Amino acid sequence: MLNAYEQRLMAFYLANAASALHHRDREASDLADWIADRENRVAFGGRKRPSLMRAGKRGRDEGLSGGRWRALGEALREEHSAARKARPDRTGQRLRRLARTTGLSRTDVDLLELVLRYQTQPVIESMIDDVFRSSRRYTPLNVQNPALPSLLGVSANTVQGRLRADSPLVRSGLVCIDTDGDLKALDRLNRLAAAAPAGSESETDVHRLLLDAAPASELDWSDFDHVARDRDHVERVITGALASGAPGVNILLYGPPGTGKTEFCKVLAERLGVSLYSVGEADDGGDEPVRGERLQELRLAQRLLAGHGGSLLLFDEMEDLLSDPFSAWGLFGPFSRMAQRNTGSKVFMHRLLKTAPTPTLWTMNSPRGVSEAILRRMMFALELRRPTPRVRTRIWTRELARHGIEAPDEDVHALAREFEATPGVGAGATAAAGLAGGGIDTVRHGVRSLSRVLGCERPPQGPPPRFDLGLIQADTDPATLAECLVRRDADRGFSLCLQGPPGTGKSAFARYLAERLGLEVLQKRTSDLLSPWVGETEQQIAAAFAEARDAQAFLIFDEADSLLGDRRNAHRSWEVSQVNEMLTWMESHPLPFACTTNYGEHLDPATLRRFVFKVRLDYLTPAQIEEAFQAYFFLPAPAGVTDLAALTPGDFAVVHRKAGFLWKHGEPEALADMLRAECDAKPDRRRPIGFRP
């Protein structure tokens, strides 16, 4: 059934069509048939009009004469005149509020209302389809079909002008024209025809209906302490933008999935006391929106919020739209072939970013593949990395408490140290443990399973449990060096190159120094940095130094010979460029860092002068072997053990574990044999010629 206002609209459309069409037009005949066949549906004001019905009815084989067509037109105009007093219904009122916000003209409103009623009112849809679909190759709401100008009572040129690429209707994203010329209103405009929300209708209804407010965050501002400097800068920029109303404020947040990019936006909005609206997360059917729909919604949101200083916009997964600059126009333009011919994609996108009236937060996993011309339009780029152990401890504590899982402090600290779990991983693993009714062991099991997929399980960050400086054999006394570096607390911009055979304690000594300096350890393996993509290894190297700087961490590069190999032996350009990248950052890094390598002779000669300290570690001396045997097995060293020339602290640690499995801890000779086997297994071990006795 049509309400009074919809009856008024129907009369308006039919009267205009009767005036615009000739009685010999196919559409005129179809219009008369439609009125005759559906007389109950066009009973204006609840009363049947005999004059209207008589004018529409005719015999099966009878043509539509000029006189009958004029009589039908007169009857329709009478109906329209009688229905003029009907006030706009709820949908009509909301459309007019939307028009005031977006600067639409009266003709724009009529166009938009026709399309919206076509999408939401079956009777109006039936009338337009039955009358204007006919034999034409255009759909009823195609810009080439006479339906739009005929139903609205305007010229075809007027309709074309109101649907140009720079018109308010198209520029605001309220409607789009596809490549075939079909006109369609933004799907979420159907919400204007929905029931009223709780409370009375108000000026904010349109915003509440058309924009999706982001839910509250589960994180806190302090959960982003590991990027505190950048975090606080973003806060100041957004605060200034909201106060001044400056246009073109775009902030990029990027980083691996789960690092809290979206949550940061929510926390920022809560901290500033403003509303955050997310753009294009789902269409009205709850399905994933296509790219064009997301941009339409962004343009509409920008237009709706223009002049509202208490709002921010969030555009998640920015790479969905910007990963291919060559096809960007097909995504960002008004979808008309004419517009694609007349306007360039880069110009359009640059203008969109530059003139955006509402501060917009863009998130993406990686800026790789996005045009530099787009990235330059961002005011600031905040990289969100995995949080430091201190921040992770706070997140774990809160998540465990939220799900009612009790855990000692030492277990919480262990979780934070062992796994570089992002806030998303922590929340998921803890929620799963809560559902399973488990405790801290269930949480650990869950996060370990996710760590295998995400690669966020960490090697031990502190020195080994049995670490002893006295068991470090080096050309520089490690104890003296450590004391000197700790006392130089004001100047921490030193670097170390730790060379020596495996197991001699290179990484352990670096982690010991970090612990003495009170710094978190950021350990990077070669596998963390090397990439098959040209240029990405250099980016990973730069990111590692930046992450250590922002987190105020002690950076350790393991297997550094893979990153600092001799450039004279390079066969590919990237082998040279990655060494150059390392050297550049080594000279400017303001915090301590260490490189460890088993093959110091493979390092590029230019690297050695970049290190403040070059320490060569070697195998244990006989005295150190006796000390290590006592420390690991609580036994005096048997005869012959001190003659082994290739023992390291790492060998003692391995034999200690092996002896535990074999129940050999109390057997000195068996322990000595196992140590001897470790020495013989080393590839650089010199073996005597001939038979052994």
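By contact I mean heavy atoms within 4.5 Å. Helices (H or I, at least four residues) and strands (E, at least two) are DSSP runs, numbered from the N terminus. This is a predicted model, where local features need pLDDT of at least 70, side-chain atom pairs count only at pLDDT 80 or more, and totals for chains, interfaces and linings use all residues. Residues are numbered from 1 along each chain as its sequence is written, and side-chain values use heavy atoms, with hydrogens and water left out.

First, the overall figures. The protein has 32 helices and 14 strands. Of its 693 residues, 51% are buried, meaning under 20% relative accessible area; exposed is over 50%, and partly exposed is in between, with a 1.4 Å probe and protein chains only. Among contacts with a separation of 6 or more, 74% are between residues 24 or more positions apart.

Now the helix pairs. Axes are lines fitted to C-alpha atoms, for helices over the stretch in contact, and angles run from 0 to 180 degrees between N-to-C directions. Helix α1, residues 4-20, packs on helix α7, residues 122-132, at about 15°, with the axes 11 Å apart. That angle makes α1 roughly parallel to α7; the class covers angles under 35 degrees, with over 145 roughly antiparallel, 65 to 115 roughly perpendicular and the rest oblique.

Which residues of α1 and α7 meet? From α1 there are M10, Y13, L14 and A17, and from α7 there are V123, I124, M127 and F132. By class, this contact of α1 with α7 has 8 nonpolar, no polar and no charged residues. Here Ala, Val, Leu, Ile, Met, Phe, Trp, Tyr, Cys and Pro count as nonpolar, Asp, Glu, Lys and Arg as charged, and the others, Gly among them, as polar.

The second pair is α22, residues 423-436, and α23, residues 440-454, at about 140° with axes 8 Å apart. These two helices, α22 and α23, are therefore oblique to each other. V425, A429, T430 and A433 in α22 meet T442, V443, G446, V447, L450 and L454 in α23. The residues of that contact divide into 7 nonpolar, 3 polar and no charged.

Last, V576, in helix α28, residues 573-588. V576 counts as partly exposed because its relative accessibility is 29%.
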